Amino acid sequence: MAKKLMKGSEAIGEAAIQAGCKLFFGYPITPQNEIPEYMSHRLPQIGGTFVQAESEVAASNMIYGAAGSGERVFTSSSSPGISLMQEGISYIAGSELPVVLVNIMRAGPGLGGILPSQADYFQATKGGGHGDYRLLVLAPWSVQEAADLIQDAFDLADFYRNPVMILGDGLIGQMMEPVEFHPDRKPCKELKPKEWAATGCKGDRPTNIINSLFLDPAALERHNHKLQAKYEAMARDEIRCAEYGTEEPYDVLIVAYGTVARVCVTALEDLKEAGIRAAMVRPITLFPFPYAQVRAASEKAKAVLVVELSCGQMVEDVRLAVEGTRPVHFYGRQGGMLVTPEEVVDEIRRLLTVPQLEADHA
Amino acid sequence: MQNDVIMAGFGGQGVLLIGKMLAYAGMHAGKEVSWMPSYGPEMRGGTANCTVVISDRPVGSPVIQCPRAVLAMNLPSLDKFESALKPGGLLLVNTSLINREPKRSDVRVVKVPANDIANELKNPKGANMVALGAYLGATEAVPLEEMEKLIRETFASKPAVVESNIQALRRGYELGRAQSQGEDLP
Amino acid sequence: MLETVFCRTPALADVTTHYCPGCTHGVIHRLVAEVVDELGLRERTIGIAPVGCSVLAYNYFTTDFQEASHGRAPAVATGVKRARPDLIVFSYQGDGDLASIGMGEIVHCANRGEKITVIFVNNAIYGMTGGQMAPTTMPGQIATTCPLGRDVELAGYPIRVAELLSTLRTPAFIARASVHTPLYTVKAKEMIRRAFRHQADNRCFSLVEVLSTCPTNWGLPPAEATSWLEENMLPYYPLGIFKEPGGEDRAPSPLGEKR
């Protein structure tokens with residue numbers, strides 16, 4: 001199929017449709033309105049259904065209902081809306097339903113702003129709503145990768161019976177880039193029929209009940225163990241990350257995800273020209289986090305620099321990965337301000353000054 | 001080799017459209033491209049702008065703080081982006097609507113009376129095409145033929161529009177090229 | 001040879017419920033199950049359970065079920081029905097669930113004309129949490145969060161859900177029934193039957209508000225609770241059909257003209 005120039009939001013919508021999703025329930029919020037707009041236009045053309053919900057709370061419960069019937073469904077929102085959806089998301093995780101969620105992050109807290117941010121990393125990767133649960137979180141850095149990951153997200157959601165979140169930022173949603181779809185794409189996991197779905201109780205089969213209520217504490221503990229085993233399986237089988245320049249010797253390892261990693265790639269090129277040795281690991285799955293890969297890459301560096309559009313969230317996972325064996329520094333911008341390659345270069349130059357290195361290793 | 005440009009003007013002047021066309025033509029010419037609009041309240045009326053990157057390598061940041069080129073279709077756009085331009089960069093000024101001289105002396109200025117030329121061609125909506133042509137003439141970011149091909153495809157159902165827009169594009173191209181000859185590209 | 005003249009209807013599970021003595025949830029469950037069976041809908045019916053006393057409703061029916069979070073049953077039902085329009089979807093909700101935390105969801109669900117059936121059980125109190133004031137608690141009625149009785153100056157008047165939803169322009173079947181005596185119960189079943197019929201015919205949204213007793217939290221023996229409902233709730237919550245598809249026009253009278 002030929003490449004098309006598409007907005008990230010539209011590519012996400014189209015990718016969902018190509019993944020066989022015919023249902024969208026959502027509520028408008030900037031900067032992701034192009035996703036519901038695209039779905040409202042496209043879904044009726046293919047016999048699907050678009051519902052503009054009365055709120056994000058309602059939308060999250062609508063996708064919960066639709067997923068319970070065994071159909072592929074997705075929704076999208078941006079930070080404040082995702083906060084409102086946490087109720088439904090916790091129920092979806094607790095009831096083990098496959099849904100795909102897209103969070104096009106904007107700057108917070110509160111109403112915040114509408115410009116790009118990565119300040120919802122904690123919310124996305126550490127649970128988000130009440131109870132012990134995790135989303136499988138995928139972070140694209142380009143429009144093409146967003147389209148590819150959306151399709152994988154539906155397969156992963158079905159396979160694990162777990163919500164999968166695509167965590168992007170305003171840049172991913174708004175920018176246009178060439179994108180190519182692969183209609184003959186095969187699912188990335190082997191999928192079974194959804195025999196658990198509530199589709200009408202035929203004959204004598206036991207009723208299918210979609211539920212997260214366990215009043216017996218022992219049963220609820222067993223249910224929690226079952227969920228945890230699933231998250232462990234994800235950590236074993238689903239980690240994705242990309243490495244840049246790690247085959248050469250380097251002094252500084254950058255860790256960045258999403259669009260920030262693109263800025264850092266430009267910085268890596270500038271550093272190379274300046275004779276400074278640096279490399280990068282880019283986590284693509286944020287949960288499960290590539291702890292082992294980050295640890296291994298850090299061992300070849302003198303210091304690690306984490307770059308984020310937040311006040312420092314993923315940096316905590318990087319510190320867990322490195323376990324104090326290397327100094328881990330942080331550089332971030334907030335409020336919708338973006339990191340520039342020049343800033344990353346300057347920060348790395350500073351880290352490599354003698355006083356800083358001495359302080360690091362004191 | 002990378003070309004990047006911020007194109008800015010009033011909403012309705014068609015800067016987002018020519019930005020997209022530039023990205024499309026770049027993609028067709030086999031380059032890596034990105035197009036990034038300004039978004040939010042500022043895009044509801046008032047000024048609009050977009051950043052286009054055309055590169056031989058995968059595009060790093062689609063947002064450029066200090067672009068290699070600025071196309072200012074109106075005065076507020078010149079006021080906003082002139083200072084951001086990279087030293088040695090290209091400043092395209094729509095002199096039909098901008099009545100002041102650029103303040104920067106360390107950049108290359110190409111003056112394009114885009115609206116006057118468009119009016120002269122009896123294609124008053126084609127000022128953006130004139131400006132796009134001037135950018136191509138001054139940078140060769142994508143070949144002129146590639147853009148003409150794109151115009152033919154985009155407006156295939158309206159042959160009159162195709163011809164008048166190609167005419168506007170060529171006029172701009174010549175102007176951009178004439179003002180850039182003998183100068184090094186940034 | 002003995003003839004069976006009365007038995008459990010198949011859509012009702014053969015289990016003991018957790019409901020308090022004198023509570024009318026069991027009666028309402030039975031009416032729903034009978035209607036589902038009589039219309040031959042059991043194998044394609046999905047129930048949506050609420051949060052409240054009927055949170056475990058999925059254990060008492062032999063249809064597939066989905067548990068909703070508090071107040072969101074109409075949103076969950078929307079999701080199921082839109083995903084599988086061939087299914088029959090009903091939500092079963094109490095007054096705190098539907099008329100307080102879930103007011104937004106029920107209004108918009110009805111207004112979109114989702115072709116689902118809502119069984120709204122109004123017993124004028126929060127049951128499961130232990131007798132707090134509900135949006136439908138009567139003026140002067142004592143509850144644990146209005147120990148001196150509902151003060152309409154502070155808490156406003158009870159919300160009449162059937163009347164409220166009847167003002168929506170979108171076609172719907174909206175009725176109120178009661179189950180405090182056998183005769184009223186027979187009428188309630190007919191209302192519920194019509195509601196499911198409208199859904200089965202793919203016609204419109206349907207809701208039956210059913211007045212119910214809560215002897216435990218009202219602090220009354222069951223028989224007295226029945227009388228209390230008749231004396232206090234019936235005058236404020238009149239029974240009948242409030243809206244049927246086709247009866248949408250509610251033109252206001254011009255100023256100064258008598259209706």
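The centres of domain 1 of chain A and domain 2 of chain A sit 29 Å apart, taken over C-alpha atoms. This is a predicted model, where local features need pLDDT of at least 70, side-chain atom pairs count only at pLDDT 80 or more, and totals for chains, interfaces and linings use all residues. Residues are numbered from 1 along each chain as its sequence is written, while chains are lettered from A and ligands numbered from 1 in the order in which they are written.

**Domains of chain A**

- Domain 1 covers 4-237 and domain 2 covers 241-361, with bounds from an automatic or database domain assignment.
- Where they meet, domain 1 of chain A puts in 25 residues and domain 2 of chain A puts in 22 residues; two residues are in contact if their C-beta atoms, placed from the backbone, lie within 7 Å.
- On the domain 1 side, α5 (121-125), β6 (136-138), β7 (164-169), α7 (170-174) and α8 (217-237) of chain A each give at least two residues. Helices (H or I, at least four residues) and strands (E, at least two) are DSSP runs, numbered from the N terminus.
- α5(A) has the largest share of that side, with four residues.
- That side splits into 18 nonpolar, five polar and two charged residues. Here Ala, Val, Leu, Ile, Met, Phe, Trp, Tyr, Cys and Pro count as nonpolar, Asp, Glu, Lys and Arg as charged, and the others, Gly among them, as polar.

**Chain B against chain A**

- Chain B brings 16 residues to this contact and chain A brings 18.
- On the chain B side, α1 (15-28) and β2 (32-37) each supply at least two residues, and β2(B) has the largest share, five residues.
- By class, the chain B side holds ten nonpolar, five polar and one charged residues.
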